[in-house]
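Please keep the 3D view open while reading.

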Amino acid sequence: MRKQNNLICLLVLWSLLPFCWQIYTSFSTPESILNPFTYQENRWTLQNYIQILSANPPFWRYLYNSLLVGLTSTAITILIATPAAYSLSKAKQHLSNTLKLLLLAAALFPYVLLFLSLLEIARAIGIANNLFALSIPYSALSMPLAVLLLNSAFSDLPNELEEAAIVEGLGLFQRIRWILIPLIAPAIASTSIIVFLFSWNEYPIALTWISDSKLITLTVAIARIAGSSVYSVPYGAYAAATVLGAIPLILIVLLFQKQIVSGLTQGAIKG
Amino acid sequence: MYPILLLPALILLFGVFGIPIVRYIWLSFHTSSVLTDLLPIPNNGANWIRLFSDSRFWQDAIQTFRFAISSVILEILIAISIAILLNQTFKNRGIVRTITLLPWALPTTIMALSWRWIFNTPYGPIEQILTLFHLNSINILSSPKIAWFATVIADVWKTTPFIALIILAGLQTIPEDLYEAFKLEGGNEFSAFQKITLPLLQPYIFLGLLFRFAQAFGVFDLIQIMTGGGPASTTESLSLYAYLNALRYLDFGYSSTIIIATFILMIIFSLFTWILIRQTKSLLSIR
């Protein structure tokens, strides 16, 4: 029992300490940042937060941009993945297995390597530097996992259900919309959250597509702050930026922990 | 089956996965750089010849492999321990599980910046603690010998929760009766772990391994922000090298060559790892 508690403490510390250190740094004055372990008279300050929130553009702008991209990508992904997953669940065993294998390969693919070609495509059709256009690659990149997750939810539903609906005279769209979607709502919820997290956290494509500093997403903004100078000492503003950037995610994890866990593990158990 | 419903998804996937790969292969046989105003001009495989004698590419390949293997092995080991811990009953299990998940949910850019600050010399906490005890500075991120391991630690911190969750899901599928029956037969806890837990967890461990290895092999955000590839490009990954070639040196042709070469290496390494796992499995005689 004692040993178990110690291990749990260790796990919690390991997960939280790096982040706690950021919070601590973000509220420290420049002097106390330089000497974190010695006694200081005026140790705490809000100056770091004031600095990044009054910068041009203010920091909340990046959070807003990321939220916008996240929501549109999630909506597009679910809109396209749901019918595809349904169709896949009705396909012949052999075909559906082949397709699932291909989707798994696409999900495993290190997508970072696609950045150059995607940038060329974006420039060719003139959608670089457009915040909403980012949702297209984001939806495409989340598509394999989304289809696999939703497909396993559809496959779990009993066939009789749909047969009964057909007897009642419901068309394909009506069946999907009014019978099946309500039943797989939990799977849609967890898929949505995982897609949203992916778009919120995505970096290489956002980095190469968007150069207008008013349109960059949170991750790119953080990287720009990091890139401005590697050894510059007043680190307080960086820390404040990472704390503000992390808060929405901490809220998401606290609110949707169940959906995230089921989304991540569904694929593992059934796949 | 209604193929029409599948069509939008397939078109999107083809546009984002299919076209780029074909384009890369094609570009890798062309010069497309500032010298040609980024217009592709065929060059009879000059990029590929250059790649084979490019020592920086091979150094990065070794570094990427070293990074991927070390982080994935550490992650699997830690994740198994975490999963076993979280599978037990204790007070506040839900909260602990949520906290464990946090590092995974944070954007890589944010946590890479945090870890860069932790390893900072001389103001980061690690260096400060060393100074407190009057020990010599170890200059973590600027020493070519250990900087790469610092990036491994940061990667392990971030991605272990993901594997732990998958393995935890696997643990929960193992019926409790199996362990009880095993105990009645006189088996101890360790041999129960070896004979029941590990073999039944195998598919989950394998899935986590495969998924993480592919991701770690493409590592980009973490390295770019934590070290920028330095010191002396000892932490530079292949994807970072491809990125630098494309957007800093503006050589799209050579960048594409590196990207295709990275695909090929990744497939070779994955097969190699797979064979290695099978070999070790037969050595440990775990079915």
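**From fold to core**

From the N terminus on, chain A runs α-α-α-α-α-α-α-α-α-α-α-α-α. The model is a predicted one. Counted by type, the elements of chain A are 13 helices and 0 strands. Along the principal axes, the C-alpha atoms of chain A fill a box of roughly 80 × 60 × 30 Å. Chain A has 271 residues, and 45% of them count as buried.

Next comes the interface between the chains. Here 69 residues of chain B are in contact with 74 residues of chain A. On the side of chain B that touches chain A, the largest share comes from helix α1 (residues 3-27) of chain B, with 14 residues. By residue class, this side of chain B divides into 52 nonpolar, 15 polar and 2 charged residues.

The last topic is the nonpolar core. The largest such core has 151 residues, and the members that touch the most others are A:Ala81, A:Met143, A:Val147, A:Leu150 and B:Ile167. Helix α7 (residues 147-171) of chain B supplies the largest share of this core, 14 residues.

One of these core members, A:Leu150, can be followed in detail. With neighbours within four places in sequence left aside, A:Leu150 is in contact with A:Ala81, A:Thr82 and A:Ala85, and also with A:Ile184, A:Ala187, A:Ile188 and A:Thr191. Among these partners is A:Ala81, itself listed with A:Leu150 among the residues that touch the most other core members.

Methods. Residues numbered from 1 in each chain as written. Chains lettered and ligands numbered in written order. Predicted model: local features only at pLDDT ≥ 70, side-chain atom pairs only at ≥ 80, totals over all residues. Contact = placed C-beta atoms within 7 Å. Helix = DSSP H or I, 4+ residues; strand = E, 2+ residues; numbered from the N terminus. Nonpolar A, V, L, I, M, F, W, Y, C, P; charged D, E, K, R; others polar. Core = buried A, V, L, I, M, F, W, Y, C linked by C-beta atoms within 7 Å. Buried ≥ 20, exposed ≤ 12 C-beta atoms within 10 Å, placed from the backbone.
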